[in-house]
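Subject: Structure handover

Hi,

Here is the structure I promised to pass on. Please open it beside this email and follow along.

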Amino acid sequence: MVDFDTVVDRRNTGSSKWSKYPSDVLPMWVADMDFPSAPEIVEAIKKRLEHPFLGYGVAREELSACIVADLQAKYDWAVSPEDIVFLPGVEPGFNMALKAMLSAGDGVLVQTPVYRPILNAPAHWGLTRIDSPLVATDDGYKLDLDDLAAKLERSKAFLVCNPQNPTGKVYTREELTAIATLCERNDTLLISDEIHCDLVFDGRKHVPVATLSSDAANRTITLMSAAKTYNIAGLKAAFAVIQNKAIREKFTQCRLGMVDSVNILGLEATLAAYTHAKEWKADMLAYIQANRDFLSAEIASYLPQIRLIKAEATFLAWLDCSALDLPSDPQSFFLQHGKVGFSAGSDFGAEFSNHLRVNFGCPRALLQEGVNRMVRALQARSL
Ligand SMILES: Cc1ncc(COP(=O)(O)O)c(C=O)c1O
């Protein structure tokens, strides 16, 4: 079993997460885990550095073949190496997709709350964002299918995030089938951000929307990466799977001199992750699933006014703090009075200013400390 309990000081290492706040603040915001990457990945990078030529990179055939085999094994999804387009990130990928396939004024559906760069992307290209809210229930986040159906009629693309950031929702096969059917009916492009696909809990299975039918395969741009699962986001490597050749060609043209080739060490790290780090991943997943349960139990015991619907995936928890009736938004409140830095709910949609996103991808001791800081901040208020 890998040791995920040890807390390592990440300050002054150029970590975005640990540089944002003063040193007395515990950062629990950006989706970056406080675990070292798998030793197999670190070894692969060291080995690559023994050949100290670090010019422009290109994915080796071995990497494409490894991804093809991985998608087949995990999802029974048969893709060809040519269907894969390597990218320096998933975020550039969904922006390229919108730019390539839509025209100014077109509608883009998103489901809120959602990761801020997804919320912001349509406006970068003069597109109109159409929000369809997820419905919070005690049994998880659900789709409002009537709302979705009505809004998809006006949408040229659906930019879906599955598993979902920040709610941790895993779309079920039935939900995805309903979405794919509606997209077929309206001829809507599917852009599916599946960056969190390897982080699903409780034995659930991730279903790539492109695997549902040949029509879905033909209208979907899927975006994936080893970045979140293996904690290598700083290495800037991701990929799109686009089985429709015409869409793939348009997409690729939209690099536009801005989306560069992929980091050469990121490509090596991705290959090592998918080839050698399966055991590390299984251990890490068990650890963060236990963290999820620990956080839910702590909140139920010590912060019962907070509504937390358990994440089905990701290392992110979405907390509804409305009932706390705080004097300011919860992110500012807990930062000021608890010295703990979460992501603000409003980052995920203007109407979520009473929410918080907590990153629980960290050693249990840090998670416990984060909860303690919240509790202390609330106790100080009631003194
Ligand atoms: C849903 C989602 N998409 C994309 C990204 C960013 O991916 P990248 O760093 O590969 O652009 C993140 C990072 O948190 C994310 O949560």
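Predicted model: local features only at pLDDT ≥ 70, side-chain atom pairs only at ≥ 80, totals over all residues.

**The cavities**

The structure holds three cavities of 30 Å³ or more. The largest cavity contains about 60 Å³ of space. Its lining is made of Ile 67, Asp 70, Leu 71, Lys 74, Tyr 75, Cys 197, Asp 198, Met 224, Phe 239 and Tyr 274. Which helix gives the most to that lining? Helix α3, residues 61–75, does, with five residues.

**The ligand**

Now turn to the ligand. There are 13 residues around the ligand. Val 90, Asn 165, Asp 193, His 196 and Lys 228 come nearest. The shell around the ligand divides into six nonpolar, three polar and four charged residues. Helix α4, residues 90–101, supplies the largest share of this shell, with three residues.

A backbone N or O atom of Val 90 sits 2.8 Å from an oxygen atom of the ligand. For Glu 91, a backbone N or O atom lies 2.9 Å from a ligand oxygen. Asn 165 uses its side chain instead: a polar atom there is 2.8 Å from an oxygen atom of the ligand. How much of the ligand does the protein bury? Taken alone, the ligand exposes 400 Å², and the protein buries 92% of that.

Some background first. Most peptide bonds are trans, and most residues other than glycine have a negative phi. Look for the exceptions here.

Two cis peptide bonds are worth a look. One runs from Thr 112 to Pro 113, with omega near 0 degrees. Pro 113 is in the loop between β3 (107–112) and α5 (116–124). Another joins Asn 162 and Pro 163, where omega is about -10 degrees. Pro 163 is placed in the loop between β7 (157–161) and α7 (173–186).

Next, positive phi. Asp 76 is not a glycine, yet its phi is positive, at about 55 degrees. Asp 76 lies in the loop between α3 and β2 (84–87). Is Asp 76 buried or exposed? Asp 76 counts as exposed because its relative accessibility is 62%, and exposed means over 50%. Asp 187 also has a positive phi, near 55 degrees, and is a residue other than glycine. Its place is the loop between α7 and β8 (189–193). Asp 187 counts as exposed too, because its relative accessibility is 55%.

Gln 331 is part of helix α12, residues 330–338. Gln 331 has 12% relative accessibility, so it counts as buried. The cut-off for buried is under 20%. What does the side chain of Gln 331 reach? It reaches the backbone oxygen of Phe 342, at 3.2 Å.

Ala 344 belongs to strand β14, residues 343–344. Ala 344 counts as buried because its relative accessibility is 14%. Ala 344 and Pro 330 are 14 residues apart in sequence. In space, their C-alpha atoms are 7.4 Å apart.

**Two partly exposed residues**

Lys 156 lies in the loop between α6 (145–152) and β7. Its relative accessible area is 46%, so Lys 156 is partly exposed. How far apart are the C-alpha atoms of Lys 156 and Asp 106? They are separated by 6.1 Å, although the two residues are 50 residues apart along the chain.

Asp 3 comes in the segment before α1 (16–19). At 47% relative accessibility, Asp 3 counts as partly exposed. The side chain of Asp 3 makes a polar contact with the side chain of Thr 6, at 2.4 Å. A polar atom of the Asp 3 side chain also lies 2.8 Å from the backbone nitrogen of Asp 5. Now compare a pair across the chain. Asp 3 and Cys 321 are 318 residues apart in sequence, and their C-alpha atoms are 33 Å apart in space.

Best wishes

How values were computed:
Residues numbered from 1 in each chain as written. Heavy atoms only, no water. 1 Å grid on protein atoms, 1.4 Å probe; cavity = no way out; pocket = protein on both sides within 12 Å on 5 of 7 lines; lining within 4 Å. Points joined across faces, edges and corners; volume = space filled by probe spheres on them. Helix = DSSP H or I, 4+ residues; strand = E, 2+ residues; numbered from the N terminus. Near = heavy atom within 4 Å. Polar contact = N/O pair within 3.5 Å; in protein donor to acceptor, adjacent residues only side chain to side chain. Areas by Shrake-Rupley, 256 points an atom, 1.4 Å probe, with all protein chains shown as cover. Nonpolar A, V, L, I, M, F, W, Y, C, P; charged D, E, K, R; others polar. Buried < 20%, exposed > 50% of the residue type's maximum accessible area, 1.4 Å probe, protein only.
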